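Opening the notebook on this one.

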Amino acid sequence: MASGNDDKETSFTGEHIILTSHLEQMKTSPVTLNWGEKDARKRGPILGTSQSGAKRNAIGSHSGSYTIYRALSIAAGHYPKDHRPDLENTSPTTPIGPFDTWSGDDSIVSIDPLGANVYEYFKDQITEGLDIRPTIAVTQAHLNIPEIHESIKNGELKPDGDIVKENGEIKVTKVAFEPVWYLPGVAKRLGVEEGELRNILFQETGGMFPELITRQDLKVLLPPIGSTTAYIFGDPKNLANSDVELTCRVHDECNGSDVFGSDICTCRPYLTYGIQKAAEAAQKGQAGLVVYYRKEGRALGEVTKFLVYNARKRQEGGDTPANYFHRTECVAGVQDARFQELMPDILLYFGVKKIHHLHSMSNMKYDAIVNSGIKVVNRLSIPDNLIPADAQVEIQAKKAAGYFSDDEVDESEFAGTQGRELEEKS
Ligand SMILES: [Zn+2]
C-alpha cells in the first residue's frame with residue numbers, strides 16, 4: 001500500500017516510486033534509437049525494462065500482455081525483480097533477414113525487425129550492462145493435427161518423410177513476435193496524427209502510460225497486447241524469393257473454434273486447410289506460411305463475441321445472415337476493430353514480396369497486404385465442404401458483405417440460411 005507521504009515512498013518495499021507523469025522527477029538519458037535506420041548500431045536497441053532506468057527509450061514493458069502477470073509474480077515474491085535472462089543457446093535456429101523491408105521510411109512499424117538477434121547486434125552494450133531483451137524468437141516444431149491425419153487417411157495429403165512425416169506430423173519453423181510499436185509509423189498507417197494517437201491510447205487505457213503524453217521524445221511503445229506467431233513450411237529463405245510460389249494464410253485468433261472446435265464459425269477449418277495447403281506447397285519445394293495473430297473476436301475480445309452470439313440467436317426471426325454484422329455493431333459499436341494495417345509487418349519481416357496463393361476472404365486483409373507493397377496473385381476462399389453447419393450464417397453474411405469468394409453470391413439463399421437456436425429443443 002502506498003503510504004501517501006510526500007517523498008512517494010511505499011510502505012512495503014521502501015522503494016521510491018518515480019512518477020512518469022512528473023517529468024521533473026525523471027533524470028533521463030534514453031539510449032539513442034533511430035527507427036528505420038539500416039545499420040543496427042546506428043538504429044540502436046530497444047530498452048524497455050524497469051531495470052534500464054534512465055536509459056529506457058521505450059514506453060511500456062516487454063512481454064506484451066504478460067507484463068501484468070510478471071508484475072503479479074513479483075508482487076507475490078515469486079519472481080526476482082532484478083532477474084536478467086541468460087540468453088546462451090537461445091539464438092534463432094535458422095537465420096532470417098536482414099531484408100530491405102526492415103529499414104527506410106515505410107518500413108515495419110509494429111515489431112522490431114532486429115528483435116531476434118539483439119545479442120548479435122548489440123553484444124557490446126549488453127556486455128556493458130544494458131538490459132536488452134529479444135522480442136522475436138525462432139525455433140523448430142512438429143505439428144500433430146487431427147484434420148491433417150484425416151487428409152492423409154483419405155489420400156488428399158501424402159507423407160514425404162521430410163515435410164510431412166510418415167506418422168502424420170508436419171515439420172515447421174515457428175517464430176514468436178512481441179509487439180513493438182513505433183508510434184509515428186503506427187499513426188501514419190492509421191492515417192492519424194501521432195499526437196492524437198498518443199492522446200487516445202492514454203485515455204482509453206485509463207492513463208496507463210503517462211509517458212505517451214509527457215515524453216514525446218520516446219517514440220516506441222511496448223503495448224500490453226497479445227503476440228503473433230508465424231509457422232513456416234519448407235525453407236524459410238524461400239519466403240523472400242518471389243520466384244518461389246508462396247501459399248499463405250493470415251489468421252486472427254478464434255479460441256472457441258481454433259482450440260475448442262466450436263462450430264459457429266469457419267475459423268478452425270479454414271486454419272487447418274491453410275496449414276494443409278502450406279504443407280503441400282513445401283512438399284513441392286515451394287514456401288508455406290501461416291501467421292496467427294492474437295486478435296480474438298475481431299480484436300473485440302471473447303466477452304463481446306459471446307454477447308453477440310446471444311444477441312444474434314435471440315433476435316426476432318433468429319440468427320440470419322442479413323443481421324450478422326448489424327448485431328456485432330449493436331453490441332460493440334463497430335463491426336470489426338482489427339485495423340489490418342499493421343498485420344503485413346510480419347510478412348515484411350520475412351521479406352515477402354509476392355503471395356501466390358492467399359488463403360483469406362477478408363478484403364481488409366487483402367487491401368492491407370497490397371497497400372504494403374506485396375503482390376497477391378490468387379485468393380482462395382474456404383471450400384464449401386469444410387464449412388460447419390452453424391457457420392452458414394457467418395459465411396453467407398461475409399460473402400454478401402463483399403468478402404472474397406470463389407462462389408457466386410446469391411442473396412436469395414439468405415432465406416434458407418438460419419443459425420441454430422440458443423436452446424436446442426430435444
Ligand atoms: Zn471463429
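I started at helix α6 (residues 183-190), where the buried residues are L183, G185, V186 and A187. I take buried as under 20% relative accessible area, exposed as over 50% and partly exposed as in between, with a 1.4 Å probe and protein chains only. Helices (H or I, at least four residues) and strands (E, at least two) are DSSP runs numbered from the N terminus. This is a predicted model, so to speak: local features need pLDDT of at least 70, side-chain atom pairs count only at pLDDT 80 or more, and totals for chains, interfaces and linings use all residues. Residues are numbered from 1 along each chain as its sequence is written, and side-chain values use heavy atoms, with hydrogens and water left out.

I then checked what the buried residues of α6 pack against: β4 (181-182), α7 (194-204), α8 (211-214) and β5 (220-222). Contact here means heavy atoms within 4.5 Å. Just after α6, G191 has a positive phi of about 75 degrees.

**D112**

I found D112 in the loop between α2 (66-75) and α3 (118-121). Is D112 buried or exposed? D112 is buried, at a relative accessible area of 2%. Its side chain makes a polar contact of 2.8 Å with that of R43. For a polar contact I need a pair of N or O atoms within 3.5 Å; within protein, one must be able to donate a hydrogen and the other to accept it, and residues adjacent in sequence count only if both atoms are side-chain atoms. Leaving out residues up to four places away in sequence, D112 touches W35, R43, I46, T135, I136 and V180.

**Cavities**

On a 1 Å grid over the protein atoms alone, a cavity is a set of points where a 1.4 Å probe fits but cannot get out, and lining residues have an atom within 4 Å of a point. Points are joined across faces, edges and corners, and a volume is the space filled by probe spheres set on them. I get two cavities of 30 Å³ or more.

The largest cavity holds about 490 Å³. Of its 30 lining residues, C267, R298, Y324, E394 and K398 lie nearest the centre. α12 (302-314) gives the most to this lining, with four residues.

The second largest cavity has a volume of about 30 Å³. D112 turns up again in its lining, along with I46, H62, G115, V118, I132, R133 and T135.

Technical notes: 1 Å grid on protein atoms, 1.4 Å probe; cavity = no way out; pocket = protein on both sides within 12 Å on 5 of 7 lines; lining within 4 Å.
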